[in-house]
Amino acid sequence: MRLRGRTVVLYGTFRSVRRREAVRLLEALGARVAKTVTERTDLIFCADGSPGPLPRTEKTHRTPYYDEEALLGMVGLDRRGNADAPAAEEPPPFLSARALAEAAGPDALRGLLDGADWSAFTPDRDLPPLRDRLLELERAEGVTEAHRLADRRVRASGEARLVHPYGHDAEIVGHALSPDGRYLATGSWVTQEYAEGGVLQIWEVAAGRCVNTVRRIDGGIGWPEYKGTIQWSADSTRLAITHSTNRVGVWEPTAGSSAPIATVDVSGGDSRPSDFALSPDGREIYLHCGTNGDGGLQGCLLPLDRGTLRWLPHRVTGDHPYLLSRSLPDAVREEFERIESSGHEDFRDEDFGNGQWIEAPVWSPDGTRVFGANALCVDAATREVIWYAPATIARFSPDGARVATVTDGRLYLRDTADGRIRGGPFALDGPCSLHWAPGAAGRLAVLTHGSDTAAPAVHLFDGDSRAGSAAIPHPGWPDDERWSGDRNAWAWAPDGDRAAFLTTGDTVEIWSFADPADGRRLRSLPAAGIGAVHWGADDILVLVGATDVRFVRADTAEYRGDFTFLRVPEGPRPVEDLLADDFRGDLFALDGSTWAMTLGPDDVIAPDGGEAALDSVLTRAVGRRHSWPVRWGGLRVLPDALTAADLLDTETGALLRASRDELEKQAAAVEPSPWPPPNTAGIDDLYEAARRSLAGLDADRWGFAIGPQVRAAARLRARHGAAGAATALIEEIPDVTDRAAAACDVAVILARAGLTEPARTVFGRAEDLVAEAEGKDMDADMASSFGAACHALGEPERADELFRRARGAITVDPAPWKDHLAVLHALLECGRDDLARELLADRAGHPPPGRTSEPEWLVHLVRGGRIDLAREFQSLPGWEVPYEVLTALAEAGRPDLLQEWGGHNWSVGEELIERAERSAAVGTPPVRPLTPGDGDIEELAEGYAEIRRTPHAHRHHPTELLLQRAAECGHFSAVLDLLRLLPDSGEFNDRPRAAFNGLWLALTGFNHTPW
């Protein structure tokens, strides 16, 4: 990053470098180090330690600020504060290429390998030629002692890891082939278990194997249907990835850490990824972020070397070294104005007055310019526009000398230095995508849609002239389609003489264009489900779809690897339940009916006789970069996890031995039990399951969620006369004031039910808790709940004082009706309808009118027979009548109100009205919990079978839905069984929320916390 001339501020106490040394190093790089942040500050470096986070002011919002890691990277220090050491000198090859080639036969090669200096073995340099020589020998002689010797040596290096290819547990949303064609990167977004993040996989193309899997990428990789979210540096050593929705981070493809080397977070919380382009050296990006639109260029050029950069560029009102130029050349601005005023169809969505983006940005190969598909060419050093040519599609040539642009359906070939036209215009029939050949200077393929009179075709150009055309059945995907993901219908071979393309018939065709005027089809391969084709190193075609990755030799159609993700074999996994979470990255589907599991570098659990199947998917990844065949020795296949527990003297073996009871129980299960199980559980079991689900939660973090849920459960217990159970639940509430309010609620319910002694006992506990909370303000909820208990237990004067206090404490911010409803609820519960109506009539004290949806409250009123009050609320400005209320009216047998209140609602159909009429005829609402019928049992069984066919990472939401259905129909044993399948993760929104939702559905029929 360029620091010369920049004004920087150091904030805080740095852990790895003294401030004086940091100032010296920054000044040596040309920076000016200031003491305070002003309008002239360009950058801020924030220490990881004291005095804490950078104060967020308007000045700091407008100034990029970096963490300590970024500072160390900019001044050339490692994390210990030492100067970066120069790269160590590489030892000579452990074997010469000539010696490998001349070793004739297995014995000679074995002797050569036995005498080699393996201490000098460097995988990046030595493994590929050694592997190629051994593959050649294997084709002639089979697996020999030479293979087994080399395998032992490679495994002894400590860099070999046993890797399976099925890392993605969600669909692939992004992928990219490395510039040298040797590696493919694939990325998946998050699953329903958001905290597990996304997955990055690195594949060695020549071997057709995955060599590295990085899990738990924060927030997932990319976004469905967004393209360009994974990009390689020119030397294939760095990967830039959109992650966590709107951040861009850099990873080393051979790293095992889920944390990026560098991250930029400058979007201001955008809900979708921004376009970006990684510079050839992998240390800078153009980011398509919002800046102050004033007719200039939008976006930023940002360093992305080490550490984290945070910034809000849209807050900047002037210029900044990272922002693109606010000024435009007169000719460019005039062209923008001309296009905008013309109303041209191709540019009708552009807002030239606000400023222009660099669409689908790319860097020139030399890193001096940034170029867009809208034919904007920008100087990366000055950040100014060099030239602009109105275009809907544009592509740089691989050597950076030419650019192809399409305007009004015509192709132009331009010089990238100044945009000057070198060839064209060429009239083509609906050009949709442009593809430069990497190895043939100036060769270009233009795919066209075709028309009523012309078939879809490819038109070839050599230099600045058209060289030939051929009708081909390509899918016609346009380059300028925005939400298409990383689709790619055409791929040139590196030599530019052959090409592969996807067809409309779910195939990929390989053609020779050695003579561009006479293209010939060579072969066709199946490609169902494939959305992109690439031509990689060693003549390997790479085919990628949402759930498929395939590697095929172009000359022989031999599959090097064929992998389909998200398969779910019917049989049991080697480990299940919580143990399966521990081994999540090791479990994989060997085929459509069998699970397998890797165990360290040398062992795998798989069926007997499955060696060939294992060899077709597994590899030993050396240095997370090179594939080494497992068939060359050392792979031990174990039949099950119990055997592994007995044999493995490793941490993995110890973990399995600690779970022996579970493993033995799993091994003893011959057939899965019929589901759902017999319904032997009762409502008490459901309450207990909900209570137990809270055991692992951090009360400080989740108290805001625990309190309302347990308070509602205690009220329900009290309404059913279970005073002891209600009192026990109260003690589970973390906050003392919430606990006191809950005790008051229970006391009111018990007193109104005639259970005076238990009510007084609970109220005594509430008074103790209020005393314990001395010093805390009594809010409207607490005061009204306490007042209701006093009134219910015969202390009206004390109650009136508390009610006045409650009304005085009502606020309307941030939750407009929260305090009002809490006070109204307390008043109605204790029988003070007069005060409730007085409060409701005080319109001056109501929150400002606005869209309000309070289904829990309105359902409470309808079910409590307070239709009159519900009607009053329904008539308030902005109050809606949610679907849940309409369902409660139907259940209450009120078709008249259903049609009156829900006439505007599309969900009020004949079925709901008929239900209301049936309820009116019966005269009594349903008694909950319900008893499941045969139809319910059948529906639950079908839902469970569908879950069993769903990939494990995608089972969370369907399991929650089935649990709710089981609770609704009263099958509590099914509810408890399904709860066990949900994560016990320490997050309230996992198992605890599902448990309480099941409780509400079972007892109220609604999936909301009841009053």
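## A hairpin to start with

Let's begin with two neighbouring strands: E41 (residues 619-622) and E42 pair in the antiparallel sense, with three bridges between them. Three residues separate the two strands of this hairpin, and Gly623 there takes a positive phi near 65°. Two cross-strand pairs are handy for finding your way around. Ala621 has Ser627 in E42 as its bridge partner, while Arg620 stands opposite Trp628 in E42. The model you are looking at is a predicted one.

## The sheet around it

On its other pairing, E41 is joined to E5 by four bridges, and these two strands also run antiparallel. Here Val163 finds its bridge partner in Thr619 of E41. Put together, the three strands make an open sheet ordered E5-E41-E42, with antiparallel pairing. Strand E5 (160-163) and strand E42 (626-628) are the edge strands, and each has a single partner, so one side of each is left without a neighbour in the sheet. From one strand to the next, the twist averages 40°. As a reminder, strands of a sheet pair through backbone hydrogen bonds, in either a parallel or an antiparallel way.

What about the faces of E41: are they covered or open? Both are covered, with Thr619 and Ala621 buried on one side and Arg620 and Val622 buried on the other. So that bridge partner of Val163, Thr619, is a buried residue, and Arg620, which stands opposite Trp628, is buried as well.

Is Asp126 buried or exposed? Its relative accessible area is 4%, and because buried means under 20%, Asp126 counts as buried. Setting aside neighbours within four places in sequence, Asp126 is in contact with Pro93, Phe94, Ala120 and Phe121.

Now jump to helix H28 (residues 934-948) and helix H29 (residues 956-969), whose axes come within 10 Å and cross at roughly 170°. With that angle, H28 is roughly antiparallel to H29.

Which residues make the contact? From H28 come Asp936, Glu939, Leu940, Gly943, Tyr944 and Ile947. They meet Pro958, Thr959, Leu962, Arg965, Ala966 and Cys969 in H29. Sorted by class, this contact of H28 with H29 holds seven nonpolar, two polar and three charged residues.

## The whole chain

Stepping back, the protein chain has 31 helices and 43 strands. Its C-alpha atoms fill a box of roughly 100 × 75 × 75 Å along the principal axes. Of the 1011 residues in the protein chain, 53% are buried.

Methods. Residues are numbered from 1 along each chain as its sequence is written. This is a predicted model: local features need pLDDT of at least 70, side-chain atom pairs count only at pLDDT 80 or more; totals for chains, interfaces and linings use all residues. Side-chain values use heavy atoms; hydrogens and water are left out. Axes are lines fitted to C-alpha atoms, for helices over the stretch in contact, and angles run from 0 to 180 degrees between N-to-C directions. Angles under 35 degrees count as roughly parallel, over 145 as roughly antiparallel, 65 to 115 as roughly perpendicular and the rest as oblique. Contact means heavy atoms within 4.5 Å. Ala, Val, Leu, Ile, Met, Phe, Trp, Tyr, Cys and Pro count as nonpolar, Asp, Glu, Lys and Arg as charged, and the others, Gly among them, as polar. Two strands pair if DSSP finds at least two bridges between them. Buried means under 20% relative accessible area, exposed over 50%, partly exposed in between (1.4 Å probe, protein chains only).
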